Amino acid sequence: MAMTGVLRPGHVAVRVLDLDEAVKFYGDVMGLVETGRDDMGRVYFKCWDEQDHSSYIIREAEQAGVDFVGFKVLDTATLDKLEKGLNAYGVETRRLEAGDLLETGERVRFTLPSGHEFELYAEKTKVGNGMGLTNPAPWYTQSEHGIAPVRLDHMLLYGPDIAKVKAIFEDVLGFFLVERVLAEDNETEAGIWLSCSHKVHDIAFVEYPEPGKLHHTSFLMDSWERVLRAGDIMSMNEVAVDIGPTRHGITRGCTIYAWDPSGNRFETFMGGYHPYPDYETITWTWDNFAQGLDYPQRKLHESFLTIVS
Ligand SMILES: [Fe+2]
């Protein structure tokens with residue numbers, strides 16, 4: 001599949017309660033690479049195998065949660081085109097200046113019906129993955145430091161009006177619906193898993209009355225062994241674990257969910273399949289949702305379903 005339009009989740013900006021504690025957690029336990037700090041007090045990180053400057057940005061605040069989610073698009077012409085498309089669809093946008101976010105070009109920001117601040121951008125400084133572009137080694141010391149995910153993979157967001165959110169992603173941004181969970185009426189969509197690529201999801205939403213909530217940020221691991229190793233590191237560091245290691249029925253992803261010290265849930269994830277845009281959507285019915293959530297245990301984990309930041 002030719003990759004055009006919206007490429008991938010590029011960055012997520014998350015609020016933490018104690019910046020020093022969070023920097024230590026994301027640097028040493030998660031094993032992200034710190035790449036910068038700005039005059040607004042934000043600290044920038046990337047995963048070791050990412051080429052762009054930053055993908056995970058934190059700032060200190062009174063309340064945990066997500067400030068905004070950014071997706072990278074192919075180029076500035078694509079950015080202009082998508083902005084026009086959003087406006088024509090009735091979505092109001094505003095431009096944020098280049099450099100307002102460190103090493104990042106102009107951003108097109110809008111509010112989703114779910115209450116999340118969402119943005120598109122075309123440019124971010126490439127800092128490389130530390131191994132160069134000529135005869136690169138497959139890994140280096142940073143890829144063994146802490147949990148060390150290879151890249152930011154996706155976000156699951158909770159908020160209202162996900163039917164309207166889906167329409168924007170499908171009709172304007174070029175995403176397709178990979179999987180969905182039906183509500184008790186077996187008709188309304190309670191959860192949607194959307195892809196703009198070959199990935200089983202690039203972003204997902206669950207219907208929830210409160211707007212703008214973060215369920216989790218997901219980090220990709222190279223293998224099931226690396227997910228289990230992440231679980232070992234979580235235990236060594238007394239990280240609060242929610243569920244896993246296990247496998248979802250939904251997306252077939254293999255996973256552990258845990259919380260950062262501020263209560264932001266994150267996922268160490270691998271697996272799933274590789275859908276194309278012509279694949280038909282997979283549906284999970286409400287009465288079988290326990291398998292969708294945790295395939296081996298077939299259990300509706302209360303904490304997983306109700307705790308968001
Ligand atoms: Fe996930």
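**Close-up views of a predicted model**

**View 1. Three side chains hold the iron ion.** His154 (NE2), His216 (NE2) and Glu267 (OE) coordinate the iron ion at 2.1 to 2.2 Å. The structure shown is a predicted model. Along the chain, the donors of the iron ion follow the spacing H-x61-H-x50-E. His154 sits in strand 9 and His216 in strand 13 (residues 213-220), so this pair ties together parts that are 62 residues apart in sequence. His154 is buried, with a relative accessible area of 1%. His216 also counts as buried, at 3% relative accessibility.

**View 2. Helix 3 has a buried side.** Helix 3 spans residues 162-171, and its buried residues are Ile162, Val165, Lys166, Ile168 and Phe169. These residues cover an arc of only 160° around the axis, which puts them on the same side of helix 3. An α-helix has 3.6 residues a turn, so residues three or four places apart point the same way. The face turned away from the buried side carries the exposed residues Ala163, Lys164 and Asp171. What covers the buried residues of helix 3 includes helix 2 (76-88), strand 8 (117-121) and strand 9 (151-159). Strand 10 (176-182), strand 11 (189-195) and strand 12 (203-207) are also among the covering elements.

**View 3. Ser54 is a buried loop residue**. Ser54 lies in the loop between strand 3 (43-46) and strand 4 (56-60). Its relative accessible area is 1%, so Ser54 falls under the 20% cut-off for buried residues. The side chains of Ser54 and His53 are joined by a polar contact of 3.0 Å. Beyond four places away in sequence, the residues that Ser54 touches include Gly10, His11, Thr35, Tyr44, Leu102 and Lys124.

How values were computed. Residues numbered from 1 in each chain as written. Predicted model: local features only at pLDDT ≥ 70, side-chain atom pairs only at ≥ 80, totals over all residues. Heavy atoms only, no water. Helix = DSSP H or I, 4+ residues; strand = E, 2+ residues; numbered from the N terminus. Buried < 20%, exposed > 50% of the residue type's maximum accessible area, 1.4 Å probe, protein only. Polar contact = N/O pair within 3.5 Å; in protein donor to acceptor, adjacent residues only side chain to side chain. Contact = heavy atoms within 4.5 Å. Arc of directions from axis to C-beta. Donors = N, O, S within 2.8 Å, 3.2 Å for Na, K, Ca; no water.
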